Amino acid sequence: MTQQLENILEVNNLQTVFATEGGEVRAVDGVSFVVPKGKTIGIVGESGSGKSITSLSILRLLAKNGKVNDGEILFKGKDLLKLTDKQMRDIRGNQISMIFQEPMTSLNPVYTVGQQISETLIIHKKISKQEAMKQSVDMLKLVGIPSPEKRVKQYPHELSGGMRQRVMIAMALACDPEILIADEPTTALDVTIQAQILELIRDLQNRLDMSVIMITHDLGVVAETCDYVAVMYAGQVVEYSDVRTLFKNPKHPYTLGLLNSLPRHDVDQEKLIPIKGMVPSPHDMPVGCRFAPRCPVATQACHTKPPMLESIGNNEQIRCWMYSEEWDGDSEVTLYGEKRTVKG
Amino acid sequence: MTKYIIRRLLQTIPVLIGVSILVFSLMFLIPGDPARVMAGEGASEQTIENLREKLGLNDPAYVQYGRFITSAVKGDLGNSVRSGRPVMDEISARFWITVELSIYATILSVFIGLIAGIVSAVRHYTLTDIFIMIIALFGLSMPNFWLGLVLIQWFALGNLPFGMDMPAWLFDIVQMRPSGWGESWRQMVLPVITLGTGGAAIIARMTRSSMLEVIGQDYIRTARAKGVSERLVIYRHALKNALIPVVTVIGLEFGGFLGGAVLTETIFAINGMGRLTIDAIRQRDFPIVQGTVLVISIIFVLVNLLVDISYKFLNKRIDLN
Amino acid sequence: MAKKELLKVEGLKQYFPIKGGFLGRTVNHVKALDGVSFTIYEGETVSIVGESGCGKSTTGRAILRLEEPTEGTVEFQGTDLTKISKKEMRKFRKDLQIIFQDPYASINPRQTVASVLNEAMHIQNVLPPNQRRARIEELLETVGLRPYQADRYPHEFSGGQRQRIGIARALSVDPKLIICDEAVSALDVSIQAQVLNLLEELQEEYGLTYLFISHDLGVVRHISDRIIVMYLGKIVEIADKTSLFENPQHPYTKALLSAIPVPDPDAKKERIILKGDVPSPIDPPNGCRFHTRCPFATDKCRTEEPQLRTSDLMKEGHQAACHYMEDITNGKMQPNY
């Protein structure tokens, strides 16, 4: 436990803004987390939490109207935000790769699977077309696609959704990257196919010793694949901890709320406890804690002063006044149908 | 693929039959007795009767159509009422002039339209984009007979606006010459611009919107995430997809040029099919009108077929069966 | 208390023609539903689960005749809905309402909430016009919205609120059965829990019956009394909730349950990973439709179609369609990966 892990990626105080018709919107506001080498970190949150924007910020793939305003993204000590476009391109698909939510639309319909995997190899490894095609076949084999010699010549529309996501993974892993960012990689897939893909990612991660950033809204996926988890709410990380602590001893009222509202298929639950209200509009963020309007234990102070992301204990961070010295409110909460005191 | 082409060719047959019926009935859609109309005012009853007999107008309509279609298939579209020469000869003498004009106009509009459209899309919402789109709007709204006349005024006759002087080399290129079409490439410059401008504008707008749509697609983001350079993202990943709808427009445009060169040909005194048609209509030379309309329709159908086939090469998703 | 049948579906088939060939003839069919039978009793919640293409949504649509079923009967309180005229069917729409996944797509964006609800009531002639406004405000409160929001347009609401509008519309005509077609699938979990709780409260208050169509087994376990598992247009297993989750019999149900990630890092799992993809419903496999992916499949499975049946190991009302479910459960047959 005490063994110090080498961090391959460190995100510090990331702030990403978007120019919209209603004015500038801070989609990501002060996000910090680390990715230990060879581990999987989950970024979990609901729609609008900024989890996808965070991942796109890392690879500098934001849409035209978005930009990173502040913060640093240290990849092996180098700040990605300071690189030239050319240097950044050399990292994309080579040292840091990404797969996306929609395998149906994420592949170019007019090129064969082989051409698309080869392209990555040719760009980064400077090898011949023939050699790249040969390696593409190997990659398809690696991701468990049957008869890869045949598949390599097929177009994306000839493959099922699960197969396409395998192709995406083959493409992402072609250059043996150190980090794989998986943005909701199984959300669009059926559950039996999801199981195949998650199994594949886990297996390849072990074999290739890479780090994975798993972006998802599904707490089940988090529990099964991640070592560490950052929970995001309204553009901020509200809780960061190892996965066991997050599920067994969650601290932030939002994390508790998520676990309480999740209908489970593995146990019977009496009643779900939803989080009241809804996510604040990015144009109209609460001045204090962003979760305060929905928080069951919020005090007056929560509505006026924004809490910081503070370390509490070993490798655990939390953004909540409840864990500060001066907290005078309630600290009894319900989890999995039981009352418990979270503070301390 | 071959099967697809054969099937599509077979499918054009009903279309062509429909076209031929329409063309054939042109003669009957005009009020009055076609023979009387053709013979002109003041013709004697006997002349009209003779003409009627000669054209077979006394037979029932289906017999006349049968005769029309059987000879048409053999390449015989009858004789011109005015010149007495076979319609096919009259048309083939003019046909290639119009085709040439249309091809050049298509090349021009594709060249300008694609570049303008791509630049506009890549520089979306910048001044360049706005400027290009305003020009395209002008190009689209200008009637081409008006554009033709203005071009003649300015360049061929040298009456530039605001008393500007035209450089001699430019004048040398575009001045009006008494000689006919085809003798010098210089003859083609103004007519091709006249005919191609509207098309260039349409292609520019189409390319732009198609590019913008494609640039927003997930696979473009995938390409960027792979480390593909921005230039290749545009040319390798976006353009090939964006061109799919543009190809249809180009094909339709070429067909449109063939049929729509009438005004341009009239203004620039080019002896193409358009002129032939207009003159025939004016002189009530029905066999010629039928012939030109039929030929243009057939070309239009064939161009459409070619567009559909080129789809197959561009878009792998279309299941031809 | 004797259970009263509300809806009885028998041998329901839905074949969608595939046009093709030279003259656009029907060259084949997508067999979206291939002989589905089940009964729903008054006041209960029955769920249909399965993966995309299994026919769960088609079932809901066929019951309401949103698409005319190819074959089979749908008896609602004794009347066969497939036999009556379109006009008579319209009257039954009052009793049978549907809520879709994306309420935004099913609500006219140019109508205010009040006029959406008013229209629904007008079509079914539910209340005299002068009482409707009060009813609309009452309905909005029932589904957790504010009465003053009645004059707003759909785009002014969030996804969860729009789903509440969809529920209010369904409720406005006092239905007996509500079909919820992936009604909470698009919602974030904190909002989804709100809507699920609302549906449960409404059921208690109005004695509603739900047919709940979903791919999310967590949601299904939470809300259902009985569950139907479908695969490629057929029912493979049907059981009360506890039996299905604690004692699944069909290998597909087992695989499906084992495939869902559990939100508990300590959970011990025996995962069955199925090979390959779901076959095409145009040309479904012979015999048992699941045999191409089943780790227990034998020659018998490839040729002989299993029927829904019960065994000594199952509670009353629990049925599954597998030749070997006893042998699999008592360990006589081992999976062959």
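Helices, of at least four residues, and strands, of at least two, are DSSP runs numbered from the N terminus. In this predicted model, chain B has 14 helices and zero strands.

**Chain B**

- Along the sequence, chain B reads α-α-α-α-α-α-α-α-α-α-α-α-α-α, in keeping with its count of 14 helices and zero strands.
- Taken along the principal axes, the box filled by the C-alpha atoms of chain B is roughly 80 × 60 × 30 Å.

**Interface of chain B and chain A**

- This contact draws on 21 residues of chain B and 25 residues of chain A.
- About 2,100 Å² is buried between chain B and chain A, and 57% of that area is on carbon and sulfur atoms.
- Two salt bridges are found across the interface of chain B and chain A.
- One salt bridge pairs Arg236(B) with Glu119(A), whose closest N and O atoms are 2.5 Å apart.
- The interface of chain B and chain A also has 13 residue pairs in polar contact, counted where both residues are at pLDDT 80 or more.
- On the side of chain B that touches chain A, the elements giving two or more residues are helix 10 and helix 11 of chain B.
- That side of chain B is made up of six nonpolar, six polar and nine charged residues.

- Over all chains, the count comes to 46 salt bridges.
- Glu119(A) also forms a salt bridge with Lys226(B), with the closest N and O atoms 2.8 Å apart.
- Glu119(A) belongs to helix 3 (residues 113-125) of chain A, while Lys226(B) is in the loop between helix 10 and helix 11 of chain B, so this pair joins two chains.
- Side chains of opposite charge can pair when their charged atoms come close.

**Interface of chain C and chain A**

- Chain C contributes 40 residues to this contact and chain A contributes 42 residues.
- The area buried between chain C and chain A is about 3,600 Å², with 55% of it on carbon and sulfur atoms.
- Six salt bridges are counted between chain C and chain A.
- Lys248(A) and Asp266(C) form a salt bridge in which the closest N and O atoms are 3.8 Å apart.
- There are 19 residue pairs in polar contact across the interface of chain C and chain A, both residues being at pLDDT 80 or more.
- Helix 7 (189-206), helix 8 (217-223), helix 9 (241-246) and helix 10 (251-259) of chain C are the elements that give two or more residues to the side touching chain A.
- Helix 7 of chain C gives the most to this side, with ten residues.
- By class, the side of chain C that touches chain A holds 17 nonpolar, ten polar and 13 charged residues.

**The second largest pocket**

- The volume of the second largest pocket is about 1,100 Å³.
- The pocket is lined by 35 residues, of which Lys64(A), Ile215(B), Arg224(B), Glu230(B) and Ile234(B) are the closest to its centre.
- Two or more lining residues come from each of helix 2 (85-91) of chain A and helix 5 (87-122), helix 9 (189-215), helix 10 (218-225) and helix 11 (230-260) of chain B.
- The lining of the second largest pocket comprises 20 nonpolar, four polar and eleven charged residues.

How values were computed
Residues are numbered from 1 along each chain as its sequence is written. Chains are lettered from A and ligands numbered from 1 in the order in which they are written. This is a predicted model: local features need pLDDT of at least 70, side-chain atom pairs count only at pLDDT 80 or more; totals for chains, interfaces and linings use all residues. Side-chain values use heavy atoms; hydrogens and water are left out. On a 1 Å grid over the protein atoms alone, a cavity is a set of points where a 1.4 Å probe fits but cannot get out, and a pocket is an open set with protein on both sides within 12 Å along at least five of seven lines; lining residues have an atom within 4 Å of a point. Grid points are joined across faces, edges and corners, and a volume is the space filled by probe spheres set on the points. Ala, Val, Leu, Ile, Met, Phe, Trp, Tyr, Cys and Pro count as nonpolar, Asp, Glu, Lys and Arg as charged, and the others, Gly among them, as polar. Contact means heavy atoms within 4.5 Å. Buried area is the accessible area (1.4 Å probe) that two parts lose on being put together, summed over both. A salt bridge is a side-chain nitrogen of Lys or Arg within 4 Å of a carboxyl oxygen of Asp or Glu. A polar contact is a pair of N or O atoms within 3.5 Å; within protein, one must be able to donate a hydrogen and the other to accept it, and residues adjacent in sequence count only if both atoms are side-chain atoms.
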